[in-house]
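Dear colleague,

Please find below the structure that I was asked to pass on to you. My notes on it follow, and I would be grateful if you read them with the model open.

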Amino acid sequence: MDYASTYKDRTDEIIDLFTSTFTASEGAEEGRLIGQLVTDMFATVNDPDMFVFSALHDGAIVGTIIFTRLTYPQDDRSVFLLSPVAVATHQQGKGIGQKLLRHGLNSLRQQGVDAALTYGDINFYSKVGFNQITEVDAQAPLPLQYPEGWLGQSLTDRPLDPLKGPSRCVDALNSPDYW
């Protein structure tokens, strides 16, 4: 498995991956929603505020994860939010997602990022070090529909101490549809 962190010459392929993967698992409406989210991220998020990692098999993208900056103005730690994540339907169940997440989290560590948060399935994300947190630990930018899905991990050698104050996500994620 090869990994890529460059994406600007493959945005259409990545958008198609997210759209088709979410359409297959959640239906056409969700596929369109997540495809539009990724399109908006690519159009509006500046490079220092976004990391995109893809897994490649024979040169084709078979999985992609996106981290965007989550700002806590009262806290000086660097925090990134993992969302969204997609592995091509025909490649699921092979460990590609976990390997890609480990690669991405290690890359963030090397970049000096202090913490990663996500909102999703604890059974999946716990395999790569995420733990359930509450909004006492890290306030979400918008109300959470499923608070049990709020997850985080420290990317340093220190535990994830509570992040101070309210948070702000990138504009593309600033919609109740995603929370």
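**An exposed loop residue**

With a relative accessibility of 75%, D58 counts as exposed, since the cut-off for that class is over 50%. Please bear in mind that the model is a predicted one. D58 sits in the loop that runs between β2 (50-57) and β3 (60-69). Its backbone deserves a look too: phi of D58 is near 55°, a positive value in a residue other than glycine.

**Helix α1**

Helix α1 covers residues 11-26, which makes 16 residues. From its first C-alpha to its last it reaches 22 Å, close to the 22 Å expected at 1.5 Å a residue.

Which residues of α1 are buried? They are I14, I15, L17, F18, T21 and F22. On the face turned away from the buried side, α1 carries the exposed residues D12, D16 and A24. After α1 comes G27, whose phi is positive, near 110°.

**Salt bridges**

How many salt bridges does a search of the whole structure find? The search finds four, and three of them are described here. As a general point, side chains of opposite charge can pair when their charged atoms come close.

- K8 and D47 meet through their side chains at 3.1 Å, N to O. This pair links distant parts of the chain, 39 residues apart: K8 lies in the loop between β1 (2-4) and α1, and D47 in the loop between α2 and β2. K8 is exposed, with a relative accessible area of 56%, whereas D47 is partly exposed at 42%.
- R69 and D49 form a salt bridge at 2.6 Å, N to O. Here too distant parts of the chain are linked, with R69 in strand β3 and D49 in the loop between α2 and β2, 20 residues apart. R69 is partly exposed at 26% relative accessibility, and D49 is partly exposed at 23%.
- R77 and D75 pair at 2.7 Å, N to O. Are these two residues buried or exposed? Both R77 and D75 are buried.

**A cis peptide bond**

Finally, S83 and P84 are joined by a cis peptide bond, with omega about 0°. P84 belongs to strand β4 (residues 79-87).

With kind regards

Conventions
Residues numbered from 1 in each chain as written. Predicted model: local features only at pLDDT ≥ 70, side-chain atom pairs only at ≥ 80, totals over all residues. Heavy atoms only, no water. Helix = DSSP H or I, 4+ residues; strand = E, 2+ residues; numbered from the N terminus. Buried < 20%, exposed > 50% of the residue type's maximum accessible area, 1.4 Å probe, protein only. Expected span 1.5 Å × (residues − 1).
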